[in-house]
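Trainee: Can we go through this one together? I'd like to know what to look at.

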Amino acid sequence: ESGIGGLAFASGMAATHTAVMLLSAGDHILAGRDIYGGTYRLLHRVVDRYNVKVSLVDTTDLAAVAAAIRPETKMLWLESPGNPQMSITDLEAVSKLAHERGLLVGVDSTFATPVLTRPLALGADIVMHSATKYFGGHSDALGGALVVKDPELFKQLYFVQNATGGVLGPFDSFLVSRGLKTLELRVREQSRTASLL
């Protein structure tokens, strides 16, 4: 991901939850409409209990994203490709807009993997991966990861992870490490065979 550091979590949802815990009561998070069901539940059934407001927007429409940003918006949470509709967001354009408004940008890049997309290079502040999927690659590990490019943001996320304990266990660490060794080969071959259909 070309970040300065990464944090490994017990699941992708533990990673996403940690990123969202950077927000405080009264803040607003703007997320894409095409997001993983677990993220939707986290935002609408857990985070909103702590007076963090949540709105969803079509992130493929830059004008709609701009119109949905409020004065209290602090984070934009993107997913590209989206899940389940596989929508594609222009991460560079949306990140630029968000930074002009002073927002943190988080991207769930699980489906793209760093083989196909590098959100940090396109302007994102935080990249999340559910390591359960492509990183592990063998349907036998559970994990998540956050990668950042800013050392201060890394420290903030590490503090929350350490305080809440959602760390990746030793055996799952081994399994994900094993999967990472063949990640590029697997993703490129899956992309090649998908293009033949």
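Predicted model: local features only at pLDDT ≥ 70, side-chain atom pairs only at ≥ 80, totals over all residues.

Trainee: OK, Thr39 then. What does Thr39 touch, not counting residues up to four places away in sequence?

Mentor: Thr39 touches Met13, Thr16 and Trp77. Thr39 itself sits in helix α2. Helices (H or I, at least four residues) and strands (E, at least two) are DSSP runs, numbered from the N terminus.

Trainee: And is Thr39 buried or exposed?

Mentor: Buried, with a relative accessible area of 1%. The cut-offs are under 20% for buried and over 50% for exposed, with partly exposed in between (1.4 Å probe, protein chains only).

Trainee: Let's go to the sheet. In what order do the strands come?

Mentor: The order is β1-β7-β6-β5-β4-β2-β3, which makes an open sheet of 7 strands with mixed pairing. Two strands pair if DSSP finds at least two bridges between them.

Trainee: Which are the edge strands?

Mentor: β1 and β3 (53-57), as each pairs on one side only. From one strand to the next, the twist averages 20 degrees. Angles like that run from 0 to 180 degrees between N-to-C directions, and the axes are lines fitted to C-alpha atoms, for helices over the stretch in contact.

Trainee: How many bridges join β1 to β7?

Mentor: There are 5, and β1 and β7 run antiparallel. You can find Leu7 opposite Leu146 in β7.

Trainee: What lies across β2, β3 and β4?

Mentor: That's α2, running at about 140 degrees to β3.

Trainee: Back to β1. Which of its side chains are buried?

Mentor: Gly5, Leu7 and Phe9, which point to one face.

Trainee: Which residues touch the most other members of the largest nonpolar core?

Mentor: Ile29, Leu43, Trp77, Ile126, Leu146 and Leu157, out of 22 residues. The elements giving two or more residues to this core include β1 (5-9), α1 (12-20), β2 (28-32) and α6 (151-164). α1 supplies the largest share, 3 residues. A nonpolar core is a set of buried Ala, Val, Leu, Ile, Met, Phe, Trp, Tyr and Cys residues joined through side-chain atoms within 4.5 Å.

Trainee: Leaving aside neighbours within four places in sequence, what is Leu157 in contact with?

Mentor: Leu7, Thr18, Ala19, Leu22, Ile126, Leu146 and Val148. There's also a second, separate core of 14 residues, with Leu30, Ile69, Val94 and Ala124 among them.

Trainee: New topic: which residues of helix α7 are buried?

Mentor: In α7 (residues 170-180), Leu175, Val176 and Gly179 are buried. They cover an arc of only 95 degrees around the axis, which means they are on the same side of α7. The arc is that of the directions from the helix axis to the C-beta atoms. The buried residues of α7 pack against α8 (183-195).

Trainee: Which peptide bond is cis, with omega near -5 degrees?

Mentor: The one from Ser80 to Pro81. The bond from Asn83 to Pro84 is cis too, with omega near 25 degrees. Pro81 is in the loop between β4 and α4 (91-100), and Pro84 lies in that loop as well.

Trainee: Last one: where does Ser11 lie?

Mentor: In the loop between β1 and α1. The C-alpha atoms of Ser11 and Ser130 are 6.4 Å apart, though 119 residues separate them along the chain. Not counting residues up to four places away in sequence, Ser11 touches Leu142, Gly143 and Gly144.

Note on methods
Residues numbered from 1 in each chain as written. Heavy atoms only, no water. Contact = heavy atoms within 4.5 Å.
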